[in-house]
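Reader: I'd like a quick walk through this one. Can you take my questions as they come?

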Amino acid sequence: MWGQNKPVVLSYGRPRSRWSLPPWLVLLILGAAAGAAGVIYVQEKHLPPRLSASASTELRSAYEQADAERRQLKADLDATTRKLQGAQADGKKLGEDLAAGRSGSEKLRQDLDFMVDALPADPRGGVVEVRAGRVQRKGAALAYEVALTRSGGGNKPMGAVLQIGVSGLGANGAETRVLGKPLPLSIAAYGIARGTLALPEGFRASQATITVLDRPDGRQLGMRVLYVK
């Protein structure tokens with residue numbers, strides 16, 4: 001009666017293409033595109049405009065120049081710092097040397113005070129005492145050195161004059177006296193007077209009179225006779 005039954009195939013819609021993209025990949029591509037578009041939008045609307053090639057070159061050149069100047073300033077600062085440290089070290093050493101010099105000067109003053117006090121007193125006394133002296137022939141001149149002290153004069157210098165009279169034999173063999181010019185003198189508690197006195201040709205000096213006056217041809221403050229060596 002009836003023939004062999006054939007299967008019936010039912011179809012719903014269009015058949016799926018083998019080249020269609022999976023939904024997750026589509027979403028990924030759309031997300032990347034949206035992100036790129038967002039970056040471009042932010043760059044164009046909200047960020048500073050991008051520099052051109054020439055502007056970038058100028059900016060890099062300015063940066064390199066500024067960096068070079070910074071390095072040079074740092075080198076100059078380091079050199080100045082080293083010089084300052086050297087100057088500070090020199091100043092410290094100078095201060096130490098000055099302190100040592102003051103100490104040495106103080107000791108020298110004390111030694112000099114002791115030596116002056118140890119000198120024999122001037123037999124004639126006076127406001128200015130000639131405590132010691134040396135007079136020597138130096139060719140046609142006379143060289144002298146005399147140590148003077150003041151009685152109760154303190155350290156404030158006092159003005160005076162020093163005059164030397166030399167006795168001896170002249171070129172003709174007769175007794176002769178040579179009187180030197182008054183020489184300005186400033187004396188505090190003590191002092192040393194040095195100098196030379198020219199003598200006439202052929203004069204043979206035997207003794208010298210050291211006189212201290214308050215002024216030329218003035219009042220005598222001290223005097224002493226020394227033999228010429």
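Author: Here is a short chat about the fold, the core and the surface. Keep in mind that this is a predicted model.

Reader: How many helices and strands does the protein have?

Author: It has 2 helices and 8 strands.

Reader: And what pattern do they follow along the sequence?

Author: The pattern reads α-α-β-β-β-β-β-β-β-β.

Reader: Now the core. Which residues touch the most other members of the largest nonpolar core?

Author: L142, V146, L148, L162, V166 and V212 do, in a core of 25 residues. Strands that each supply at least two residues of this core include β2 (141–150), β3 (158–169) and β7 (204–213). The others are β1 (128–138), β5 (183–187), β6 (190–198) and β8 (220–227).

Reader: What does L142 touch, leaving out residues up to four places away in sequence?

Author: V135, Q136, R137, V166, G195, T196, L197, L199, A205 and V228.

Reader: What share of the protein counts as buried?

Author: Of its 229 residues, 22%.

Reader: Switching to the surface. Which residues make the nonpolar patch of about 280 Å²?

Author: V26, L27 and L30 make that patch. L30 lies in helix α1, which covers residues 23–45.

Reader: Is L30 buried or exposed, and why?

Author: L30 is exposed, because its relative accessible area is 53% and the cut-off for exposed is over 50%.

Reader: Last one. Of contacts with a separation of 6 or more, what share joins residues 24 or more positions apart?

Author: Those account for 58%.

Methods
Residues numbered from 1 in each chain as written. Predicted model: local features only at pLDDT ≥ 70, side-chain atom pairs only at ≥ 80, totals over all residues. Heavy atoms only, no water. Core = buried A, V, L, I, M, F, W, Y, C linked by side-chain atoms within 4.5 Å. Buried < 20%, exposed > 50% of the residue type's maximum accessible area, 1.4 Å probe, protein only. Helix = DSSP H or I, 4+ residues; strand = E, 2+ residues; numbered from the N terminus. Contact = heavy atoms within 4.5 Å. Patch = residues over 30% accessible without salt bridge, like charges linked within 9 Å, V, L, I, M, F, W, Y side chains within 5 Å. Areas by Shrake-Rupley, 256 points an atom, 1.4 Å probe, with all protein chains shown as cover. Salt bridge = Lys/Arg side-chain N within 4 Å of Asp/Glu carboxyl O.
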